[in-house]
Amino acid sequence: MTRSGIGYDLHRLAPGRKLIIGGVEVPFDKGPVGHSDGDVLAHALCDALLGAAGLGDIGTHFPDSDPQWKGVSSLLFLEQTRKFLDAKHFNIIHLDAIVILERPKLGPHFPAMRQALALSLGVSPDQISLKAKTNEGTGEIGRGEAIAAHTIATLES
Ligand SMILES: [Zn+2]
C-alpha cells in the first residue's frame, strides 16, 4: 500500500540565531527562533512522514516543553521518526519540499541538505527533492521576518 502525508512549518527569524535548514548551516545574519534549532525543513518533513504513517505529529513525539530537545539538531527528530516508521514496516519512497524564504538563495546548499537529510533518514539523496521560493516581498516571509516549508512524503508498506 502507498500512503502520502503533508507537512508544514514556519518559524520567525531573529538576529543572532544560526540559519539551519535541512541540517545545514546557511550563512546569513538571521536565523529561526525555536526550542530546537528551528529547522523548518526537517520539522515539516517529520510531520509529512508521521502523517503518512498515521503517527500523529512532531509536537506529539518531540514536545517543545521537553528539555531534552532544547537546542538539539532537528536531524535527530528525523532519525527518530525513521525508527517509528521502521517499527510500523513503512519504507520511504520519496520526499518533496518547498522552502519559502526571501533571502538568501538556497539552491547552492541543496546538495548538502539532501545529503544530510538522506543520511538521517537512511535513504538515498535521489529520494529527496528540494525547491525554494521567495514570497515576492509580501507578508512576514517577504519582509524577511519568517521562513516556512511545505513538504509531502510518500511511503509504502
Ligand atoms: Zn518547527
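Let's start with two helices, H1 and H3, which are roughly parallel to each other. Their axes come within 10 Å and cross at roughly 10°. Axes here are lines fitted to C-alpha atoms, for helices over the stretch in contact, and the angles run from 0 to 180 degrees between N-to-C directions. Angles under 35 degrees count as roughly parallel, over 145 as roughly antiparallel, 65 to 115 as roughly perpendicular, and the rest as oblique.

A quick word on what we're looking at: this is a predicted model, where local features need pLDDT of at least 70 and side-chain atom pairs count only at pLDDT 80 or more, while totals for chains, interfaces and linings use all residues. Residues are numbered from 1 along each chain as its sequence is written, and side-chain values use heavy atoms, with hydrogens and water left out. Helices (H or I, at least four residues) and strands (E, at least two) are DSSP runs, numbered from the N terminus.

Back to our pair. Which residues make the contact between H1 and H3? From H1 we have Ala42, His43, Leu45, Cys46, Leu49 and Leu50, and from H3 Phe77, Leu78, Thr81, Phe84 and Leu85. Contact means heavy atoms within 4.5 Å. By type, these residues divide into nine nonpolar, two polar and no charged. For that count, Ala, Val, Leu, Ile, Met, Phe, Trp, Tyr, Cys and Pro are nonpolar, Asp, Glu, Lys and Arg are charged, and the others, Gly among them, are polar.

Now H1 by itself. It has 13 residues and reaches 18 Å from its first C-alpha to its last, close to the 18 Å expected at 1.5 Å a residue; that expected span is 1.5 Å times one less than the number of residues. H1 is mostly covered, with twelve of its 13 residues buried. Buried means under 20% relative accessible area, exposed over 50%, and partly exposed in between, using a 1.4 Å probe and protein chains only. Just after H1, glycine 54 takes a positive phi of about 70°.

Have a look at histidine 43, which is found in H1. Is it buried or exposed? Histidine 43 counts as buried because its relative accessibility is 7%. Setting aside residues up to four places away in sequence, histidine 43 touches Asp9, His11, Ser36, Asp37, Gly38, Ile58, Ser74 and Phe77.

Over in H3 sits leucine 78, and its 0% relative accessibility makes it buried too. Leaving aside neighbours within four places in sequence, leucine 78 is in contact with Ala42, Leu45, Cys46, Leu49, Leu117, Ser120 and Leu121.

That brings us to H4, residues 110–121. How do H3 and H4 pack? They meet at an angle of about 40°, with their axes 8 Å apart, which makes H3 oblique to H4. Leu75, Leu78, Glu79 and Arg82 of H3 make this contact with Ala116, Leu117, Ser120 and Leu121 of H4.

The buried residues of H4 are Phe110, Met113, Ala116, Leu117, Ala118, Ser120 and Leu121. What covers them includes helices H1 and H3, along with strands E2, E3, E5 and E6. And after H4 comes glycine 122, with a positive phi near 65°.
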